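Dear colleague,

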Amino acid sequence: MLTFDILTLFPGMFVGPTTESILKRAQQAGLIEARLHNIRDWATDRHRTADDAPYGGGAGMVMKAEPLAACIRAVAGAGAPPVILLSPDGEPFTQAIAHELSREERIVLVCGHYEGLDERVREALVTRELSIGDYVLTGGELAAMVVLDAVARLVPGVIDAESTAEESHSDGLLEYPHYTRPAVWEERPVPPVLVSGHHGEVAKWRRRERLRRTLARRPDLLARAHADGHLTREDLVYLADLGWGPG
Ligand code: ADE
């Protein structure tokens, strides 16, 4: 069981991603739990203020230290789970990080909003920062949903183990193409090897398609896959035929 504690000013944004489809089923099956915490509930003044103007001036608002810190401390408790801030300044989120996080018992996701949060909370309480890409969202909520979704599907039992074995990015390569019936659609036949019944040939074809596609679309990933030991000698021979060699 993996518990996600999500700290946000807008818990309503999580309705949908946590209440539909696979994540809904995973929660019903007791494989994951997504708990939402409204940071505003930890504000102590009459207006429940969670943000304020920045020292030094400038545009936008900054999330105040006290409510956010109180919320993180109350939620994290004694277990010292990773406290992850979603931020465009963070470490790029990858499938490898998703795998790593899927082995935790509990993850605290902190959604920043407005211009950001008081830097002192970051220093004192945040253990890791993740970015889902080099673009800026209105807040960390959508990024937290992305991390939640990518991590939850790797928790054993949430989806078939086979689906995650050969998918894109699983060993640094993109996925092979998929086909289903009919065998010919608008004059386009399915690759004959797939209907040959030859399991060995199918596996070989799929591996080659993954290599070919990765070279064509994401050559940057091939060097990394090679450095990480994901390419076999046979892979390298095939890639050499396609004109690729390790740098
Ligand atoms: N908050 C705003 N933009 C973000 C991004 N790209 N990744 C993670 N959190 C964010």
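A backbone N or O atom of I132 lies 3.0 Å from a nitrogen atom of the ligand, a polar contact in the sense of a pair of N or O atoms within 3.5 Å. For Y135, the distance from a backbone N or O atom to a ligand nitrogen is 2.8 Å, and for S87 the corresponding distance is 3.1 Å. The protein covers 96% of the 260 Å² of accessible area that the ligand has on its own (Shrake-Rupley method, 1.4 Å probe).

This is a predicted model, in which local features need pLDDT of at least 70 and side-chain atom pairs count only at pLDDT 80 or more, while totals for chains, interfaces and linings use all residues. Residues are numbered from 1 along each chain as its sequence is written, and side-chain values use heavy atoms, without hydrogens and water.

Around the ligand there are 13 residues, of which S87, I132, G133, Y135 and L137 come nearest (a residue is near if one of its heavy atoms lies within 4 Å). By class, this shell has 8 nonpolar, 5 polar and no charged residues; Gly counts as polar and Tyr as nonpolar here. Strand β5 gives the largest share of the shell, 3 residues (strands are DSSP runs of E, at least two residues). The elements that give two or more residues are β5 (83–92) and β8 (128–131).

The protein chain is divided into domain 1 (2–161) and domain 2 (172–241), with bounds from an automatic or database domain assignment. Their C-alpha centres lie 36 Å apart.

With kind regards

Key: Polar contact = N/O pair within 3.5 Å; in protein donor to acceptor, adjacent residues only side chain to side chain. Helix = DSSP H or I, 4+ residues; strand = E, 2+ residues; numbered from the N terminus.
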